[in-house]
Amino acid sequence: MKIVGIDAGNTMIKAVLFDLSGRVLSVAECAGETHRPQEGYAERPVADIWHGVSDAVSRCLGQAETPASDVIAVGAAGHGNGLYALDKHQQPLFGIQSIDHRACDKVHALEMSGADKRIYQISLQKPWPAATPILISWIKQHQPERWAQIGHLLCAKDVIAHFLSGAISADFSDAAGAGLIDYRARGYSRELMALYDIEEALALLPELRESCEVVGHVTERASQLTGLPAGIPVVAGIFDVVASAVGSGVVNTGQASIVAGTWSINQVVVDKPDYLRPVFMNSIIEFDRYMAIEASATSAANLDWFLREFDDGRGGQGAARSSDSVAHVQPNAQLPLYHPYLYSGRKSEPAKAGFYGLGGWHTRADMLFALFEGVTFAHRAHIDRLRAAGIPFTQAILSGGAARSCIWPQMFADVLGIPIRVAECKETGALGAALCAGVGVGAWRNLAEAAQQAVQINPGELLPRADRVAFHDVRYRVFKKLELAMREMWQEAS
């Protein structure tokens, strides 16, 4: 028996075939293109997701040594927030990604009015530019013709479930992470929608389902396009950051997951979302556990940008070569620093990326060291917020692109000052989605059992090195001082 897990991030759609031990049997990916019709916009048409899923799944199954008929279920994970819409005939309308910044003024207006405080009380979310209800409000105000066409408002993975099965569904993890639900009622809230001035949107939001719940079955049309067996169950799916945690074995209270991909994701499983101070985002993992999340678009996407724009022309394996370069840099106080704010992240102010302290003697490797360190510093800032909220943890599982580096995992241990372990599976998001599908068809009783049986963690534990901890501590303080000093400049340049 086999399960297909689909992971749809902002930049890539992956399809992975797993057996019930969590072993990867085949994997295929389809790169997506972000459309930027105006400055600050980041869009991806719904049809592009459908094409990416068709391409990735069909190639994944074609590469497998076992027949597609062995597949018993399929589940999808997708990037949270952003906004995807179908029209009243369930045809593609538009898609907005979670790195979009068009709605910054909406966030500012809520903060100025004080409505953001009540929003947090209800949804345990802080408004930010690409949050789903913020984008809904922006569309309603600025694009009334498009607003009038909307029949269904979805998250990224809901688009995939609809493509495969025809179902219109949403799950609690995505809706919670998007700030769409009242945690006390565990459902949509009219008061919350009213605070965003989008009460009409309640009629456009799908019924909420559990992540592992079967919402439909692969249609004949989807079967023809993907090669999946017609009629196999499709589950509601899961918010990709929670999926990455599940696929890393992080499912029980007190466990921590760090995902270093497009976004800097730092999350801890808690049994009650009751904190000493607000955290950026909360989500739901199964029935009785929650995920406290601090996050921003400040992670390994910075390396993707650097390689895209400044690679040395040899092509391929750029991330591995970069890691090798950083591994040979000798730490010293004169190394440059880097702010990883290419996409501004969760900050309401228009933060920008930048290298600081560059000298004519610095090399490409020195700049890459600063970039690796700056990304890790951004993760540390989020970890500090989690700790300040009274959510302590003593170690973490690292996944995402940075986890595959020969140097980055150790840098995480040194910068964060905690032991780091690395998930053995490179496709943790897809694995988390597949585990949901397996639970949905009875292969496992729940996600805890699924993780215990199908998730492997590399045996080695990376411990903080005292000399490197001290070195990075000094530089982190300078990093934060530079951030404070730059805020007025960023504001003037926006």
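**A walk through the model**

Let's start with Asp288, which is partly exposed at a relative accessible area of 48% (buried means under 20%, exposed over 50%, and partly exposed in between, with a 1.4 Å probe and protein chains only). Bear in mind that this is a predicted model, where local features need pLDDT of at least 70 and side-chain atom pairs count only at pLDDT 80 or more, while totals for chains, interfaces and linings use all residues. Residues are numbered from 1 along each chain as its sequence is written, and side-chain values use heavy atoms, with hydrogens and water left out.

Asp288 sits in the loop between β17 (281–285) and β18 (289–296); helices (H or I, at least four residues) and strands (E, at least two) are DSSP runs, numbered from the N terminus. Its side chain makes a polar contact of 2.6 Å with that of Arg289. Such a contact is a pair of N or O atoms within 3.5 Å; within protein, one must be able to donate a hydrogen and the other to accept it, and residues adjacent in sequence count only if both atoms are side-chain atoms.

Now hop to another loop, the one between β1 (2–8) and β2 (12–19), where you'll find Asn10. With 5% relative accessibility, Asn10 counts as buried. Leaving out residues up to four places away in sequence, Asn10 touches Thr34, Arg44, His79, Gln97, Ser98, Ile99 and Trp263, where contact means heavy atoms within 4.5 Å.

Next comes a helix. In α2 (residues 104–113), the buried residues are Lys106, Val107 and Leu110. Looking down the axis of α2, these buried residues fall within an arc of 100°, so they line one face of the helix; the arc is that of the directions from the helix axis to the C-beta atoms. They pack against α3 (115–123), α4 (132–142) and α8 (190–195). On the face turned away from the buried side, α2 carries the exposed residues Asp105 and Met112. After α2 comes Gly114, with a positive phi near 85°.
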